[in-house]
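Here's a protein chain to explore, one piece at a time. Have a look at the sequence and the 3D picture before reading on.

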Amino acid sequence: MSHIVCFDIGGTFIKYGVFNPKGHLLFKSKMATPTSHEIPDVLNNKVKSLQHDFHLTAIGISSCGLVDREKGRILFSNNIQGYSGMNLGERMFSLTQLPVSVENDVKSACLGEIWQGAVKDKRNAVFLTLGTGIGCSIVMDGKIVNGSSGLAGELGHTVIVAGGKPCSCGRKGCFERYAATSAFVQDYTEEALQKGVAVENVSGETIMELVKQRNPVAMEVYERFIHYISMGLTNVIHLLNPEKIIIGGGITEGEGPFIQDINIQLRNEVMDVYGNEGTVIASSLGNDAGLYGACYLALSRMSMKESV
């Protein structure tokens with residue numbers, strides 16, 4: 001039986017796994033991300049190692065950064081120094097002689113969720129990841145929306161507060177400065193210090209634990225956070241009318257009211273005609289979503305599955 005090896009390249013770790021042609025994940029692991037110039041050789045060594053146990057016929061790669069999917073090239077990345085401009089697909093093919101597909105990590109995760117995850121078989125969806133920034137991918141009529149130069153989906157850099165907080169993109173008031181997990185943490189830290197509350201080792205998950213305990217500072221910041229997320233998602237719903245919006249990231253994992261509270265807020269914001277009951281759901285594949293999406297694209301490239 002043929003197998004597909006997939007890699008999900010992040011700034012800190014590279015996750016990897018082996019799939020069968022039906023999209024079943026047979027094996028997975030991870031390793032530390034090396035320096036940029038070492039990445040092709042490290043991936044090649046892993047392919048060679050896995051070939052002892054699996055008949056590998058294709059490689060799927062999900063990668064951080066802006067990606068030219070057609071050429072398999074990393075256009076830009078601020079997560080891995082020196083990674084921008086790498087012809088990753090070409091390098092991997094020359095090393096392995098296996099067909100290679102390369103896609104942006106958020107777009108890959110979105111495809112994974114549609115193929116095997118939270119919105120399986122849905123034709124119109126938006127996928128968000130909340131972390132240091134906000135990653136976004138849009139699927140309309142079953143196809144990833146790439147735009148004229150592959151840059152569509154930068155929801156994080158749409159402005160929701162005119163003249164608001166400065167953003168790394170050079171603008172002010174961007175969505176991710178208010179609705180990314182990093183913004184949640186910064187807002188809580190500033191509010192806590194202002195109120196004389198000790199702040200130590202704060203993360204989105206630790207604030208959510210305080211929210212469960214009805215901590216007043218955490219609750220105040222959390223309500224603002226939900227409000228800003230809902231503002232941005234209301235615009236998405238009115239503009240794109242997706243069947244579902246999937247949210248991924250560590251803050252969505254585990255039990256808690258997060259997704260429910262967003263949907264409650266959206267019911268007050270979105271026009272009734274959109275039928276917005278339960279529009280937002282959490283990612284079901286979690287950290288594996290990018291691997292699944294990479295597998296889907298590899299299978300598509302091999303003509304083993306209809307193209308997206």
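How many residues does helix α7 have, and how far does it reach from its first C-alpha to its last? Keep in mind as you look that this is a predicted model.

## Two helices

Helix α7 covers residues 216-240, so to speak a run of 25 residues, and reaches 36 Å from its first C-alpha to its last. That's close to the 36 Å expected at 1.5 Å a residue. Look at its two ends as well. At the start of α7, the backbone nitrogen of V217 has a side-chain oxygen of N215 within 3.1 Å. After the helix comes N241, and its phi is positive, near 50°.

Now find helix α3, residues 105-116. It has 12 residues and reaches 16 Å from first C-alpha to last, close to the 16 Å expected. Its start has a contact too: a side-chain oxygen of N104 comes to within 2.9 Å of the backbone nitrogen of V106. Is α3 mostly covered or mostly open? Mostly covered, with 10 of its 12 residues buried. Among them are V106, A109, C110, L111, I114 and W115, and the list also includes K107 and E113.

## Strand β8 and its partners

Strand β8 takes in residues 125-130, and five of its six residues are buried. Which strands does β8 pair with? One partner is β9 (residues 134-140), joined to β8 by six bridges and running antiparallel to it. These two strands form a hairpin with three residues between them. The other partner named here is β11 (residues 244-248), which runs parallel to β8 and is joined to it by five bridges.

F127 is a handy residue for seeing both pairings. It stands opposite S137 in β9, and its bridge partner in β11 is I246.

## Another hairpin

Next, go to strands β5 (residues 66-68) and β6 (residues 73-76), which run antiparallel and are joined by three bridges. Across this pairing, D68 stands opposite R73. The hairpin of β5 and β6 has four residues between the strands, and G72 takes a positive phi near 65° there.

## A buried isoleucine

I61 belongs to strand β4, which spans residues 55-63. Is I61 buried or exposed? I61 counts as buried, because its relative accessibility is 1%. Leaving out neighbours within four places in sequence, its contacts include F7, I9, L43, L88, M92, V102 and A294. C169, on the other hand, is 108 residues away from I61 in sequence and 26 Å away in space, C-alpha to C-alpha.

## Cysteines without a bond

A disulfide is a covalent bond between the sulfur atoms of two cysteines. How many disulfides are there in this model? Counting sulfur pairs within 2.5 Å, the total comes to zero. Take C136: the nearest cysteine sulfur belongs to C110, 8.2 Å away, and C136 is in no disulfide. C136 is buried, with a relative accessible area of 10%.

Definitions and conventions. Residues are numbered from 1 along each chain as its sequence is written. This is a predicted model: local features need pLDDT of at least 70, side-chain atom pairs count only at pLDDT 80 or more; totals for chains, interfaces and linings use all residues. Side-chain values use heavy atoms; hydrogens and water are left out. Buried means under 20% relative accessible area, exposed over 50%, partly exposed in between (1.4 Å probe, protein chains only). Two strands pair if DSSP finds at least two bridges between them. The expected span of a helix is 1.5 Å times one less than its number of residues. A polar contact is a pair of N or O atoms within 3.5 Å; within protein, one must be able to donate a hydrogen and the other to accept it, and residues adjacent in sequence count only if both atoms are side-chain atoms. Contact means heavy atoms within 4.5 Å.
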